[in-house]
Amino acid sequence: QVPQAELYNLYPHNENLPTNIYALSSPFYEMNNIAWECLKKFNNLQTLCLMGKVSNEGLDHLKDFPKLQNLHLGLVMFTNKEFEKLSQLKFLHGLSLWGEDIDDDALKNMVNLQSLRILKVHGRKITNIGLKHLAKLPNLELLDLSFTNINEEGFQYLTNMKNLYGLTLRQVPINIPLSELDIKYLGEIQ
């Protein structure tokens, strides 16, 4: 983890920075252009965790990290259409998104992330329709839809997720105990 002041000190003064950093966590409250320019030096990043706000413009900078495999965005502040920009991350295996504006349309715009194996997406505007969109991601193994409005009726879409073996649902409006859900939807999901 690189504190904000230290990351700013790296730019543009030191041209001898190591470029073999593969994982970076940034505690910035908001990623501005200077912060993105600092991060651009680490073009071998495979894991990037941004705890602060990421805007529409911020997503444009993700193209600077062609080897990115895992991305965590702590406070999503971009529009649904902008989710399409995530599809430029061809090697993305893990994605974690938090944001109150994430909804079903945003998930619809993520169906091109065919290499995705782990997805954590939290937002109260996500419903069963969003789960239907996610069912088009054939390689999903772990899915966390906590803090969404997915309910037991949406579980029918899980049958399309042949590789799914882990499902996390915290604080979702499921009205019956999980032990009573129709096993045909849950199969081997843990």
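**Ground rules.** I number residues from 1 along each chain as its sequence is written, and the model is predicted, so local features need pLDDT of at least 70, side-chain atom pairs count only at pLDDT 80 or more, and totals for chains, interfaces and linings use all residues. Side-chain values use heavy atoms, with hydrogens and water left out.

**Sheet.** I looked up the strand order first. I found an open sheet of 7 strands, ordered S1-S2-S3-S4-S5-S6-S7, with parallel pairing. Strands (E, at least two residues) and helices (H or I, at least four) are DSSP runs, numbered from the N terminus. Two strands pair if DSSP finds at least two bridges between them. S1 (23-26) and S7 (166-168) stand at the edges with a single partner strand each, so one side of each has no neighbour in the sheet. Neighbouring strands are turned by 10° against each other on average, direction ignored. Axes here are lines fitted to C-alpha atoms, for helices over the stretch in contact, and angles run from 0 to 180 degrees between N-to-C directions.

I then went through the bridges. S4 (residues 94-98) and S5 (residues 118-122) pair in the parallel sense over 5 bridges. Serine 96 stands opposite lysine 120, and leucine 97 has valine 121 as its bridge partner. S5 and S6 (residues 142-144) pair in the parallel sense over 3 bridges. Isoleucine 118 stands opposite leucine 142 in S6.

**Helix H2.** I checked burial in H2 (residues 33-40). Ala35, Trp36, Cys38 and Leu39 are buried, that is, under 20% relative accessible area (1.4 Å probe, protein chains only). Seen down the axis of H2, the buried residues fall within an arc of 155°, so they line one face of the helix. The arc is that of the directions from the helix axis to the C-beta atoms. H2 lies across S1 and S2 (47-54), running at about 175° to S2.

**Core.** I looked up the largest nonpolar core: buried Ala, Val, Leu, Ile, Met, Phe, Trp, Tyr and Cys residues joined through side-chain atoms within 4.5 Å. Of its 46 residues, Leu48, Leu71, Leu95, Leu119 and Leu143 touch the most other members. Elements giving two or more residues to this core include H2, S2, S4 and S5.

Definitions and conventions:
Buried means under 20% relative accessible area, exposed over 50%, partly exposed in between (1.4 Å probe, protein chains only). Contact means heavy atoms within 4.5 Å.
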